[in-house]
Amino acid sequence: MPRPTFVHALPNEIKTRDATISLLHFKELGVSFLPLAIFENKESINQKVLARFSDVCENSFPA
């Protein structure tokens, strides 16, 4: 596969922060990938955390 897809299931704020750090690390390493997020309840996640995550992952869907 020329470009792997990273799928993150995000049930809460802590997992969203962890996924943000992981995606930023892969970008820093120069890995070409397609990020995808599935949120259990997007409204329960802090808006600042969600905004940071949205900067590194533009594809997200509700569960």
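Me: What makes one face of S2 covered and the other uncovered?
Reply: This is a predicted model. In S2, Pro35, Ala37 and Phe39 make up the covered face. Leu34, Leu36 and Ile38 make up the uncovered one. In a regular strand, side chains alternate between the two faces of the sheet.

Me: How do you know that S1 and S2 pair?
Reply: Pairing takes at least two bridges between the strands. Six bridges join S1 to S2, and the two run parallel. So the pair meets the criterion. Valine 7 has leucine 36 of S2 as its bridge partner. From S1 the chain passes through H1 to S2, a right-handed β-α-β crossover.

Me: What makes S2 and S3 a pair?
Reply: The cut-off is again at least two bridges. S2 and S3, residues 60-62, have three and run parallel. They therefore count as paired. Phenylalanine 39 stands opposite proline 62 in S3. With H2, these strands make a right-handed β-α-β unit.

Me: Why say that the buried residues of H2 line one face of the helix?
Reply: Those residues are Val49, Leu50, Phe53 and Val56. Seen down the axis of H2, they fall within an arc of 120 degrees, so they line one face. They pack against S1, H1 and S2. The face turned away from them carries exposed Gln47, Lys48 and Asp55.

Terms used:
Residues numbered from 1 in each chain as written. Predicted model: local features only at pLDDT ≥ 70, side-chain atom pairs only at ≥ 80, totals over all residues. Heavy atoms only, no water. Buried < 20%, exposed > 50% of the residue type's maximum accessible area, 1.4 Å probe, protein only. Helix = DSSP H or I, 4+ residues; strand = E, 2+ residues; numbered from the N terminus. Arc of directions from axis to C-beta. Contact = heavy atoms within 4.5 Å. Right-handed = clockwise from strand over helix to strand, strands pointing away.
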